Amino acid sequence: MRDYAYFLGCIAPNRYPGIEAATRKSLSEFGIDLLDVRGASCCPAPGVFGSFDLWTWLVVAARNIVIAEEMNADITTTCNGCYATLQEANHLLKHNVDLRNRVNESLAKAGRQYRGSLEVKHVIELLSDEVGFERIEKKVKKPLKGVKIAVHYGCHFLKPSETRMHGSPERPAVLDDLVRALGAESIDYKDKAMCCGAGGGVRAANLEIALDMTAEKIDNMIEAGADCLMTPCQFCHLQFDRGQVELNEKFGGSYQLPVVFVTQLTGLALGMDARELGLYDNAISMESLLKKIH
Amino acid sequence: MREDHVRVCQLVFKHGHAVPINDEVKAIRKRLALSEVPPTVHQYPEALKEVIGILDETGFRALVEKKR
């Protein structure tokens with residue numbers, strides 16, 4: 001197994017460190033060590049930065065990629081937004097020589113150079129391709145039998161599909177397959193491919209619209225009988241977890257659907273302690289889910 | 001550019017992160033056996049300086065100020 005440069009982004013290290021801990025612990029079980037990308041910054045966010053100035057977005061993204069290149073390691077990340085930025089920037093720089101030369105002129109001032117030597121992989125790809133679901137299934141100590149999980153893919157992991165290359169962006173299956181490998185049931189629900197509501201700078205600019213989308217998605221999950229929802233993106237995770245608290249406080253809702261990150265759920269099925277996975281640090285209580293598992 | 005988005009940009013100008021660390025999360029990180037401060041620009045001031053230099057050089061800071 002290879003080691004990967006773990007690009008943390010902003011949300012996991014600075015708001016949901018349980019995601020970082022769970023990712024490091026879960027992958028370590030399969031012989032994958034996650035290396036620190038020392039001095040990495042915001043990816044930068046594709047919504048705000050990519051929309052306002054593509055050139056700045058590209059140079060900052062290239063700098064983050066170059067730090068991993070200097071470590072001779074491929075990048076992995078637990079954020080769909082960071083994945084979008086780094087994977088797209090890497091794709092652009094590998095395929096456009098003029099752009100690469102211009103970026104390198106800018107990076108040279110800091111003594112850095114983009115070489116195009118690495119791949120950017122979402123942590124889902126590590127679980128599905130590098131480790132493999134059969135191997136995960138064999139290692140499960142505590143099958144999540146009887147647990148109904150609403151899987152949320154998020155937007156940037158799947159689209160644009162010609163660059164991401166994860167199969168159908170409308171009918172993805174990889175996370176549903178992982179849930180089954182962990183012994184749980186992945187449920188169908190209305191508008192499964194819908195956005196969490198946060199992306200594209202919407203959460204920052206118009207929280208009410210973002211929360212309206214979040215509520216619609218969670219309502220659909222609850223209606224389908226979900227015990228929890230599982231995300232592969234730390235920003236979607238924040239939106240669903242804190243978003244439920246905001247919905248309850250601002251609009252008198254009573255949302256209490258537990259939100260669990262893909263590597264946290266994997267860690268639980270591997271028999272890890274919920275506290276060590278940071279599951280008690282979410283805004284929404286995990287008690288109903290944890291009772292069902294134990 | 002909306003004021004809300006300007007604020008996000010200003011966080012990156014200052015911290016190198018759109019969502020910077022706080023004391024509450026530092027304590028959680030410590031409890032989870034992670035480094036109290038993540039190994040990002042937060043832990044490496046010279047790296048933060050490098051990122052801020054890029055944001056200035058590309059004209060992004062000036063663009064944000066102009067769009068307010």
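The structure is a predicted model, in which chain A carries 15 helices and 8 strands. The radius of gyration of chain A is 19 Å, close to the 19 Å that the globule rule gives for 294 residues, so chain A is as compact as a globular protein of that length. Along the principal axes, the C-alpha atoms of chain A fill a box of roughly 55 × 45 × 35 Å. Buried residues make up 55% of the 294 residues, and among contacts in chain A with a separation of 6 or more, 79% join residues 24 or more positions apart.

Chain A is divided into domain 1 (4-122) and domain 2 (132-293), whose C-alpha centres lie 24 Å apart. Between them, 29 residues of domain 1 are in contact with 30 residues of domain 2. On the side of domain 1 that touches domain 2, the elements that give two or more residues are α1 (11-14), α2 (17-28), α3 (48-52) and α5 (80-95) of chain A, and α2(A) gives the most, with 8 residues. The table sets out that side of domain 1 by residue class.

| Class | Side of domain 1 of chain A that touches domain 2 of chain A |
|---|---|
| Nonpolar | 13 residues |
| Polar | 12 residues |

A:Gly199 lies in the loop between β6 (185-186) and α11 (202-205) of chain A. Because 23 other C-beta atoms lie within 10 Å, A:Gly199 is buried. Not counting residues up to four places away in sequence, A:Gly199 touches A:Gly47, A:Gly81, A:Cys155 and A:Phe235. A:Gly199 and A:Gly252 are 53 residues apart in sequence and 24 Å apart in space, C-alpha to C-alpha.

Definitions and conventions
Residues numbered from 1 in each chain as written. Chains lettered and ligands numbered in written order. Predicted model: local features only at pLDDT ≥ 70, side-chain atom pairs only at ≥ 80, totals over all residues. Helix = DSSP H or I, 4+ residues; strand = E, 2+ residues; numbered from the N terminus. Rg over C-alpha atoms; globule rule 2.2 N^0.38 Å. Buried ≥ 20, exposed ≤ 12 C-beta atoms within 10 Å, placed from the backbone. Contact = placed C-beta atoms within 7 Å. Domains from an automatic or database assignment. Nonpolar A, V, L, I, M, F, W, Y, C, P; charged D, E, K, R; others polar.
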